[in-house]
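User: I would like a close look at a single part of this model. Please keep to what can be computed from the atoms.

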Amino acid sequence: MNRMIKHCFVVTSAVNSKFGVYSPAARLQQTIATLKNVRERVPNCKIIVMECAGTPLTDAQSQLIEENCDLLLDFSTDPDVKEIYKSDNWDVVKNSTEIMCFGRALRMCQDDSDFANMDRIHKMSGRYILND
């Protein structure tokens, strides 16, 4: 019997990042485009967004993200993220927060059974799209 493979995408995000050339509004729209692209390409997948900028999402930003994913894990108010975010070194902030938050997200999802019945778990950066 051939069954469909179940996919879960963990999409990293930093909508309100103090780094980079894009505004938070542009970053949010790019992230939404990523989520819509994943849903279009893998219709029955689970999408988990992991927000890890040190500046919290607004209610409107959270709502828009939540409308386009299955679960939003917002680490933007986490004390450890806030501490790392004090640095002006983009590489340190981006890499440290992403690694730390990804580990926490994996534990949370495992503990809450968010990965139950998943065959594949993919880590994907927000603001990217799947292609052929």
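Which residue in E4 is the bridge partner of Phe9? Please go on from there to the sheet and what lies around it.

Analyst: The bridge partner of Phe9 in E4 is His122. This is a predicted model, in which local features need pLDDT of at least 70 and side-chain atom pairs count only at pLDDT 80 or more, while totals for chains, interfaces and linings use all residues. Residues are numbered from 1 along each chain as its sequence is written, and side-chain values use heavy atoms, with hydrogens and water left out.

E1 and E4 pair in the parallel sense over six bridges. Two strands pair if DSSP finds at least two bridges between them; strands (E, at least two residues) and helices (H or I, at least four) are DSSP runs, numbered from the N terminus. The open sheet has four strands in the order E3-E2-E1-E4, with parallel pairing. Strand E3 (71-74) and strand E4 (120-125) are the edge strands, each pairing on one side only. From one strand to the next, the twist averages 20°.

Helix H4 packs on this sheet and touches E1, strand E2 (46-51), E3 and E4. Contact means heavy atoms within 4.5 Å. The direction of H4 makes about 140° with that of E2; axes are lines fitted to C-alpha atoms, for helices over the stretch in contact, and angles run from 0 to 180 degrees between N-to-C directions.

Thr12 lies in strand E1 and counts as buried at 5% relative accessibility. Buried means under 20% relative accessible area, exposed over 50%, and partly exposed in between (1.4 Å probe, protein chains only). Not counting residues up to four places away in sequence, Thr12 touches Met50, Glu98, Lys123, Met124, Ser125 and Gly126.

Met118 sits in the loop between H4 and E4. With a relative accessible area of 22%, Met118 is partly exposed. Leaving aside neighbours within four places in sequence, Met118 is in contact with Lys6, His7, Cys8 and Lys46. Asn95 is 23 residues from Met118 along the chain, and their C-alpha atoms are separated by 26 Å.

Strand E1 (7-13), helix H1 (24-41) and helix H4 (90-111) each supply at least two residues of the lining of the largest pocket. H4 gives the most, with five residues. On a 1 Å grid over the protein atoms alone, a pocket is an open set of points where a 1.4 Å probe fits, with protein on both sides within 12 Å along at least five of seven lines; lining residues have an atom within 4 Å of a point.
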